[in-house]
Amino acid sequence: MPAKQTKGNVKKSRPAPARRRATIASRSDRHDLYQRAVQDVKAEIDFIDKWFKRITGRLPARLREDFCGTGNTSCEFARRRPGNSAVGFDIDQPTLDWGTQNNLPKIPESARMRVKLVNCNVLTPVPAGRRADVVLACNFSYWIFKERDLMVRYFREVHRSLVKDGVMFLDACGGWETFKAHRESRPERGFTYTWQQASFNPITHECQCYIHFKFKDGSAMPRAFSYNWRIYSLPEIREMLLEAGFRHVTIYWEGDDGQGGGNGIFLPATTGEDCPSFIVWISAEK
Ligand SMILES: C[S@@+](CC[C@H](N)C(=O)[O-])C[C@H]1O[C@@H](n2cnc3c(N)ncnc32)[C@H](O)[C@@H]1O
C-alpha cells in the first residue's frame with residue numbers, strides 16, 4: 001500500500017534546482033566599495049596637516065568631520081597622532097553604525113577611543129567647549145544645502161565651532177562638463193565605478209547624481225548611492241564663506257600629470273585652467 005501522501009511526504013518528481021551561485025554584487029558591500037573607489041583618507045589628512053601647519057604654525061589636534069558617513073577620515077585623523085581626536089557628524093544612523101562596526105576596529109584601540117561618530121545635523125549649534133581646530137566637509141556633501149541663506153547659516157555654524165585660529169577645509173568640483181548630464185566610469189580593483197550626473201537644471205543648478213558599481217561576472221549595484229545637490233561655483237562658495245565670517249579663503253588647484261590628468265598635488269592659486277572638469281580643495285581661515 002502506498003504511503004499516504006501528505007504535504008510533508010509528497011515525492012518530488014523533479015530534482016531541486018541547483019542553488020544559484022551568489023553574484024559578486026550580492027556579496028559586496030556598498031560602503032566598502034564607496035570607500036575604495038571614492039576616498040583617499042591618507043591623502044586628505046596629509047593635505048590638512050600640511051596646510052593647517054602652513055597657516056597656523058602648528059598641527060591640528062581636534063577634527064570635526066561634517067557629513068562623515070562611515071567616519072573613515074575621522075579614524076585616519078585619530079590614528080595619526082596620540083593627541084588627535086575626531087568627531088564625525090552625520091544624520092544617517094545605519095551609515096554611522098557601519099563605520100563603527102567596520103572602520104573603528106581597523107585602528108588601534110588607543111585611537112579608537114578618540115573617535116566619536118554622532119548622529120547630528122551639521123546645522124546644530126555645537127557647545128563652545130567642543131571647538132575644533134579643523135572642520136572638514138568632503139566630497140561636495142555641503143551642496144545638500146540648496147538655498148544660499150541655508151549655506152551661509154551652515155558656514156556660520158562651522159565658523160562658530162572653530163577655535164580662534166581654526167580652519168575649515170572643503171572641496172568643490174567644476175568645469176564645463178559639470179553643467180550637463182554626463183557619466184564617467186573607471187576600473188577599480190575588482191569592480192567598475194561609475195559616477196552619473198543624470199540631470200542638471202541650468203535655472204536652479206540642481207543636479208541628480210548616482211554612483212553605480214559593476215562587477216566582472218556581469219552583476220551590478222545600480223544607484224548604490226544617490227545625491228540631489230545644487231552645484232555652486234567657486235566665486236559663490238568664496239563669497240558665502242566670507243559672508244559667514246571667515247577672514248581668508250584659499251583655492252588649491254591641482255597640478256598637471258602631463259597626460260591631461262591631475263597629479264594629486266594641490267597648490268594655492270588665483271587662476272585656473274578652463275578645463276572640462278576639475279576638483280579643488282578650499283580652506284577658510286577663521
Ligand atoms: C556624499 S556622503 C559623504 C561621505 C564622506 N564625507 C565622504 O567624504 O565621502 C554625504 C553624507 O552626508 C550626510 N548628510 C546629509 N545631510 C546632512 C546633514 N544636514 N547633517 C549631517 N549629515 C548629513 C548623509 O547622510 C551622507 O552620509
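Student: What distance separates the centres of domain 1 and domain 2, taken over C-alpha atoms?

Tutor: Please keep in mind that this is a predicted model. The centres of domain 1 and domain 2 are 22 Å apart when they are taken over C-alpha atoms. The domain assignment gives domain 1 as 26–174 + 232–285, and domain 2 as 178–224. To the contact between them, domain 1 brings eleven residues and domain 2 brings twelve residues.

Student: How much area do domain 1 and domain 2 bury between them?

Tutor: Buried area is the accessible area that two parts lose on being put together, summed over both. Here the two domains bury about 1,000 Å² between them, and 62% of it is on carbon and sulfur atoms. On the side of domain 1, Arg 30, Leu 33 and Ala 37 supply 41% of the area buried against domain 2, which is more than any other three residues supply.

Student: How many salt bridges and how many residue pairs in polar contact are there between the domains?

Tutor: The count is one salt bridge, and there are four residue pairs in polar contact, with both residues at pLDDT 80 or more. On the side of domain 1 that touches domain 2, helix H2 (residues 30–38) gives the most, with six residues. The residues of that side divide into five nonpolar, two polar and four charged.

Student: How far apart are the closest N and O atoms in the salt bridge of Glu 206 with Lys 146?

Tutor: A salt bridge requires the nitrogen and the carboxyl oxygen to be within 4 Å. In the pair formed by Glu 206 and Lys 146, the closest N and O atoms are 3.5 Å apart.

Student: Which residues come nearest to the ligand?

Tutor: Of the 15 residues around the ligand, the nearest are Tyr 34, Phe 67, Asp 90, Asn 121 and Asn 139. An N or O atom in the side chain of Asn 139 is 2.9 Å from an oxygen atom of the ligand, while for the side chain of Gln 39 the distance to a ligand oxygen atom is 3.1 Å. Val 122 takes part through a polar backbone atom, which is 3.1 Å from a nitrogen atom of the ligand.

Student: What is the phi of Phe 67, and what is the phi of Asn 139?

Tutor: Most residues other than glycine have a negative phi. Phe 67, however, has a positive phi of about 50°, and it sits in the loop between strand S1 (62–66) and helix H4 (72–80). Asn 139 likewise has a positive phi, of about 60°, and its place is the loop between strand S4 (132–137) and helix H7 (148–161).

Methods:
Residues are numbered from 1 along each chain as its sequence is written. This is a predicted model: local features need pLDDT of at least 70, side-chain atom pairs count only at pLDDT 80 or more; totals for chains, interfaces and linings use all residues. Side-chain values use heavy atoms; hydrogens and water are left out. Domain bounds come from an automatic or database domain assignment. Contact means heavy atoms within 4.5 Å. Buried area is the accessible area (1.4 Å probe) that two parts lose on being put together, summed over both. A salt bridge is a side-chain nitrogen of Lys or Arg within 4 Å of a carboxyl oxygen of Asp or Glu. A polar contact is a pair of N or O atoms within 3.5 Å; within protein, one must be able to donate a hydrogen and the other to accept it, and residues adjacent in sequence count only if both atoms are side-chain atoms. Helices (H or I, at least four residues) and strands (E, at least two) are DSSP runs, numbered from the N terminus. Ala, Val, Leu, Ile, Met, Phe, Trp, Tyr, Cys and Pro count as nonpolar, Asp, Glu, Lys and Arg as charged, and the others, Gly among them, as polar. A residue is near a molecule or strand if one of its heavy atoms lies within 4 Å of it.
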